[in-house]
Amino acid sequence: MDALSRRKVLQALAAGAGSIACPSLLRAQGIASSTELVRAAGLSGDIGFVVADLRSGQVLEQRWGGKAMPPASALKSITSLYALEQLGAGFRFGTHLIATGPIVGGLIQGDLVLAGGGDPTLSTDDLQAMAKALAGKGVRGVTGRFLTWGGALPYEREIAGDQPVYASYNPSISGLMLNFNRVHFGWKRAGGGWALTMDARGRDVQPQAYTAKVAIANRARPTFTYSDRGGVEAWTVASAALGKGGSRWLPVRHPAAYAGDVFQTLARAQGVPLPNPEEVRNPPGGTALVSHSSDALAPLLRSMMKYSTNITAEAVGMTVSARLGAGGSLGASGRAMSEWLAQRTGARSARFTDHSGLGVDAKISPQDMVAALRQLGAPMGLRGLMKPFQLRDATGRPMKSQPFEVDAKTGTLNFVSTLAGYMTAPDGTELVFAIFTGDLARRRRAGTDPQPPGGRAWVKASKMLQSRLLERWAAIYGR
């Protein structure tokens, strides 16, 4: 039997089945069945997957393909499609400095407003450039107030409620965000203690952040505590966790105040003293003196997929929902994306509570994920926005080389591990797949523990299973 005939026989045996119906033939070829691979992984919880031919849509193999499960960060693939279709690849977020009156003698006759447009990538260096541009227009101050406006997106204190308090990947959301809504905390040994800093670190400038403070507490645990004291975000850090020195980002819960505080410092350095910032709820009227635009949506999404940036996913998704008139909250925006996907692909399992997948309550089945990647993702060029995926060897380490290409989005939470994307078999056959694993009972027991007992081993086993399944599919599903 030639190679082409053998592949056709194997496809016929495997089509629609959870495992190959002729294990002896596969063993002769050194190929384990999917059932054997699942058993060998030793994972607790649920395991579901679907692999299909990209061109025809034929499901080649599945296991619990219709079961709705948490996609974790693989949900960012759906969010990307949602945004590309509704906003367009060239869409850009804008941030503006608006004057409510004319400039007379270097003074704005009225208020200056820092108005956010939902840009999740706005940085301190961007604000520095805006401050320089403002001074370049001859502005030397205001007769009125310095205001901030973040109402382009609904405010959310955090993305998910089951994360550690110090998780920088779980910040607040609003229409005015800075440095991914993170503040930079640094420490180093100084005398008999430590010198601490809290700043809005950029590439070129690192102004102090006055809206966030940190103090050392003589304890071993918890590592961090957080409280909101009169608008100042107050952190304590355990002395036992500091060591000789280091740094980390902490989440920001008052994003408009943080951005206003930083811009005030930067403007003052440019010779434009401003009053203390005040946040307003109503959209400002006036003339935009200075504007900053983000990168276009396509490269922004590519970066989001590469680094799995949660705040970008939420800002993008909520911006789309706001345009559709369904963006009153993060939950409402997630539901709007679920309804959109159902209309576009017939997905019945999608129940989204956010756009990043950080919330474990978000659900979709592997078969609905595969349908979205095939029907919408392929024509929109989603694969080109995904990160190349490296297979793992028998020890769990990334392989240095592999005989076929995979571009996919990973997703990892405690006791949840997912992978969804596209692969090209050695003979050129293109496949689309989704692999979801999750043990939600163990996740609930772990609570907010960032490293629960058995968590790392469980995720490692899941990632190794993903690689073994991909190897299997590459070996047997060709034309």
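Student: Is H184 buried or exposed?

Tutor: H184 is buried, because its relative accessibility is 7% (buried means under 20% relative accessible area, exposed over 50% and partly exposed in between, with a 1.4 Å probe and protein chains only). Please note that this is a predicted model, in which local features need pLDDT of at least 70 and side-chain atom pairs count only at pLDDT 80 or more, while totals for chains, interfaces and linings use all residues. Residues are numbered from 1 along each chain as its sequence is written, and side-chain values use heavy atoms, with hydrogens and water left out.

Student: Where does H184 lie, and what does it touch?

Tutor: H184 lies in strand β9, residues 182–190 (strands, E, are DSSP runs of at least two residues and helices, H or I, of at least four, numbered from the N terminus). Not counting residues up to four places away in sequence, H184 touches T197, M198, D199, R201, S247, R248 and W249 (contact means heavy atoms within 4.5 Å).

Student: What lies over the face of W249?

Tutor: R182 does, at 4.1 Å from the ring centre. A charge sits over a ring if NZ of Lys or CZ of Arg is within 6 Å of the ring centre and within 35 degrees of the ring normal.

Student: Turning to aromatic pairs, how many does the structure hold?

Tutor: The structure holds eleven. Rings of Phe, Tyr and Trp (its six-membered ring) pair if their centres lie within 6.5 Å; planes under 30 degrees apart count as stacked, over 60 as edge-to-face and the rest as tilted. One of the pairs is Y82 with W340, which is tilted, at 5.2 Å centre to centre and 55° between the planes. This pair links distant parts of the chain, with Y82 in helix α4 (residues 75–87) and W340 in helix α9 (residues 330–345), 258 residues apart.

Student: How is the pair of F433 and W473 arranged?

Tutor: The ring centres of F433 and W473 are 6.2 Å apart and the planes stand at 50°, so this pair is tilted. F433 is in strand β20 (residues 430–438) and W473 in helix α12 (residues 455–476), 40 residues apart, and the pair links distant parts of the chain. Both F433 and W473 are buried.

Student: Which residues form an aromatic cluster?

Tutor: Y166, F185, W187, F224, Y226 and W235 form one aromatic cluster.
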